[in-house]
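Subject: Handing over a two-chain model

Dear colleague,

Here is the structure I promised to pass on to you.

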Amino acid sequence: MAGKRAVEAILVKPNECHGCLTCQLICSLRGSGRFNPSRAHIMINRSKDGYEYRLSFMDGCDGCGDDILCVHSCPYGALILERN
Amino acid sequence: MEFKGYAGSGLWVDLSTGNIRKEPLDLDLVRRFVGGSGFTNKLAYDLIPPGVEPLSPENFVVIGSGVLSGTLAPGCTKVMATTKLPINNAIGTPFAGGFSHRLKYAGYDYVIITGRADRPVYLKIMDDDVSLVDASHVWGKDIFETTDLLKAENGVDCSVIAIGKAGENLVRISLAMVDKFGTLGRGGLGAVLGSKNLKAVVANGTKGIGIADIAGFMEVASSVREKMLNFPLRKEWLKLGVAIGAMIFSKIMGTGKNWEKLSAQIQDFTGQTQKLLQIFQSGHACPACPLNCRALVTLKDGEYTGLTAPTSSILHSVAFERNDTFNLNQSVKCLDLCNRYGLDALETKALIDYAIDLYQAGIITKEDADGQELNWDFTTTLNLIGKIGCREGLGGILADGLIAASKKFGKLGIERVVAIKGLNPMVDPRAHLSGCELSSCVNPRGPNVSAGGAISFFPGKTVQQVAKYCQKMSVPEEAIKRICFSDTEFNLARLIKYEEDWYSSYSCLGICARGVVKSYYNQHIAAKLYTSATGFDVTAIELQDAGERAWNILKAANAREGFTRKDDKFPDKFFEPLKAEDKEIRLMNYNRTRELTRDDIEKMFDDYYDERGWDIEKGIPTRKKLEDLDLEDVAADLQKKDMISH
C-alpha cells in the first residue's frame with residue numbers, strides 16, 4: 001500500500017485530537033526539511049474558540065510512500081490506519 | 001549566517017516611537033546563554049535600567065522562545081517573559097506553554113518591548129510583517145474574548161498572549177495568558193503590558209526551523225517520545241495532569257484561612273480526583289507534547305451548569321474551594337472569572353483570604369469593606385475578585401498586593417500578612433518542608449514552583465535515591481558528598497542549588513516545567529538534542545553551567561535592584577504551630593525527625609549560598625563566582641556599583 005491509497009486508508013478521529021501539531025511537524029520536516037505546520041500536507045482546522053479540531057489532507061499528500069508518518073507519530077490516536 | 005535550531009533573529013519594538021527593527025542573533029549571546037530564559041535574563045540585565053518603575057515606559061519586557069520550541073522535541077514549547085515586576089520590584093521571568101513555536105515560525109527567538117503606546121495597540125508579528133495595530137475594539141474585553149477576536153482577525157492558528165481588564169487597570173497581581181490556557185503569572189506581567197497600552201502580542205509565520213542533523217535529532221527526540229508514551233500513568237495524566245499527584249499534594253500543599261488552619265479539603269485531596277474527572281471535557285496539548293496537561297472543563301450539573309473553562313491544569317479548578325462553604329462548581333466559577341480578568345488565581349485567593357481574615361478578626365470594618373460583610377464563603381470571594389480586577393473600593397487596595405495592602409491596615413494588618421518578597425508562598429513548610437518551600441525563599445523573584453518535579457519537592461525520599469538522582473543531574477561527585485552527608489539525612493539547601501540550575505538550563509531550551517515531562521530528560525539527552533538541532537557542540541556539563549549562568553545573571557539583576565539576603569526571608573508565621581483537626585503541626589526537618597528553629601533555617605540559607613559560591617552575608621553572587629561563569633561583564637558592573645569586592 002503506497003502513496004494515495006495509504007491516505008485513503010487513514011481513519012480520522014477528530015475527537016481524539018489534542019492539537020499537538022505532531023502530525024504537521026513530522027510532515028513538514030519530511031517535505032521541506034524544516035519544522036513548520038504551515039508547510040505540512042495535513043491540516044488541523046481549529047474551531048473559532050480553539051477547543052475543537054478537524055483534520056484533513058491536502059492534495060500534495062503522498063502518504064509518505066509506505067511510511068505514513070503522521071499516523072505513526074500521532075500520540076493521541078486521532079489518526080489510525082485501516083488496513084484493507 | 002544561517003542558524004539551525006534557532007530562528008536566527010530578535011525583534012525590537014519601541015511602543016513610544018513605533019519603531020520596530022529586526023536584529024541578527026548575537027553569537028556571544030548564543031554561546032554564553034544558549035536561548036530561552038538565558039536570552040531573556042541576559043537581555044533584561046542589559047536593558048532594564050536599575051531602579052526603574054515597573055509600570056513606567058522605561059521598563060522592558062523580553063519575550064523568549066526556548067531553542068527546541070517549534071521542533072519535535074517532546075514537551076519543549078516554553079515561552080518566557082522577563083521584566084521588572086510591579087508586585088515586588090524584582091526582575092523575574094514568568095513562564096507558560098505555547099506561543100514560542102509561532103514566534104519562531106515567524107523568524108524570531110525573542111522580542112524586546114519597551115516604551116508606551118499613545119493608545120491601546122496589539123503587536124502583530126507575521127513573518128517580516130511586524131506592526132502595531134489599533135486595539136481599541138478589544139480594550140476592556142476579557143482575555144478569552146480578546147483571544148478569540150484576535151484569532152478571528154489573524155487566523156485561528158496564530159498564537160496570542162493577551163491581558164484582561166486587570167492588566168489594563170494596572171492590578172499588580174495581574175497576568176497574561178497564552179491562547180487561553182497558559183498563564184504567564186506571579187508578579188504582575190499583565191500590569192506591565194497594560195501600562196504600555198499593549199493589549200496583546202499575536203504571532204505566526206511561514207518560516208521553517210532548520211535542523212543541523214535531522215537523523216541524529218529525530219533519533220533522540222523519538223526515544224524520549226516513546227518513553228513518554230509508555231508513562232505508566234499516562235491515561236490518567238492526560239485527564240488529570242498534575243492532579244494525579246494528589247497524594248503528594250495532600251502532604252505539601254498549603255493551608256486554608258490565611259495560613260491559620262490545615263484545610264480539611266486538602267487532607268481529603270484524593271477524593272477530589274473523582275470530582276475533577278466529572279468536569280473534564282477535553283485535553284489540549286502544547287506543540288509536540290505527548291503528555292498533554294491542559295484541560296477544558298465543563299460544569300455538567302448544579303450551579304453554573306454549562307460553564308466551560310480552559311485551565312492550564314485541571315488542578316486549578318479546586319483553587320478556590322473551601323470544604324465547608326464552597327463547592328467545586330463555585331471554585332471553577334471563581335477561577336474562570338480570574339482568568340477572564342487576567343488575575344493570578346493563586347495570588348487573588350491569598351489576598352481574599354487575607355482580607356476575610358482581617359475582617360473576621362475585627363481589624364478591618366464593614367465600612368472598610370464597602371459596606372459588605374466578608375465571610376469565608378463564595379459570595380464574598382466572587383465579589384472581591386471583581387472588585388480587585390476593576391480596582392473598586394477595597395479591591396483597589398488589594399490590587400496592589402499583600403504587602404502594600406497590609407500597610408493600609410496598620411500594625412495588626414502587617415502582623416497577619418504571610419508573604420515572601422510580597423507574594424503568596426503557596427505551600428506551607430509546616431505541612432512538609434521540601435525544596436519547594438526553601439527555593440521559594442531564595443528565588444530571585446519570589447515564591448513559585450520553578451524547580452517543580454525535582455526530587456527535593458517530594459516527601460519521603462531516601463539519601464540513596466537522592467544520590468542516584470544527583471548523578472543523573474550531572475552533579476559533581478564532591479557536591480554529592482556534601483548533599484548526601486549521612487546515611488539517613490541529606491542537605492536540602494545544598495541540593496536545591498542544582499535543581500535550580502537544572503531547571504534553568506531546561507528553560508534555556510524550552511523544556512516544560514512539569515515534573516513528569518522533565519523526568520524523561522537529563523542533561524545528556526538535552527545536550528544531544530541541542531547539539532543535533534543547532535550544530536553547536538555542547539556537553540551535559542556545559543549545559544548545566546549555562547543554566548547556572550542564566551540563574552546568576554538573574555540574581556545579579558535583582559542584587560542591582562537592592563535585593564539581598566534580608567529579602568530571602570522565611571515567613572515568621574511558619575514558626576508558629578499549624579492547627580489541624582486534632583493536633584498542632586510544627587515546622588520540622590525534611591525527614592520530620594526534629595523541630596526546626598529560626599537558627600536552623602538560617603543555617604540552611606548559609607549552606608545554600610555556600611553551595612552557590614555566593615557571599616553568605618549578602619546572599620548575592622561573588623566576583624569569583626561571576627568570573628568562573630564567564631560573567632566578567634556582570635562582575636565589572638556590580639563592582640562599579642560597590643556591590644562586590646574588588
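Predicted model: local features only at pLDDT ≥ 70, side-chain atom pairs only at ≥ 80, totals over all residues.

Residues are numbered from 1 along each chain as its sequence is written, chains are lettered from A and ligands numbered from 1 in the order in which they are written, and side-chain values use heavy atoms, with hydrogens and water left out.

Chain A has three helices and five strands (helices are DSSP runs of H or I with at least four residues, strands are runs of E with at least two, both numbered from the N terminus), and along the sequence they are arranged as α-β-α-β-β-β-α-β. Its radius of gyration, taken over C-alpha atoms, is 12 Å, which agrees with the value near 12 Å for a compact globule of 84 residues (the rule being 2.2 Å times the number of residues to the power 0.38). Buried residues make up 49% of chain A, where buried means under 20% relative accessible area, exposed over 50% and partly exposed in between, with a 1.4 Å probe and protein chains only.

Chain B comes to 27 helices and 21 strands. Its radius of gyration is 23 Å, close to the 26 Å that the globule rule gives for 646 residues, so chain B is as compact as a globular protein of that length. Of these 646 residues, 65% count as buried, and the C-alpha atoms fill a box of roughly 65 × 65 × 55 Å along the principal axes.

Within chain B, helix α25 (residues 598-612) has 15 residues that should span 21 Å, in agreement with the 21 Å between its end C-alpha atoms; the expected span is 1.5 Å times one less than the number of residues. The buried residues of α25(B) include Ile601(B), Met604(B), Phe605(B) and Tyr608(B), and among the elements that cover them, by contact (heavy atoms within 4.5 Å), are α21 (492-509) and α24 (540-560) of chain B. Just after α25(B), Gly613(B) takes a positive phi of about 75 degrees.

Lys257(B) lies in the loop between α9 (246-252) and α10 (264-267) of chain B, and Lys257(B) is partly exposed, with a relative accessible area of 28%.
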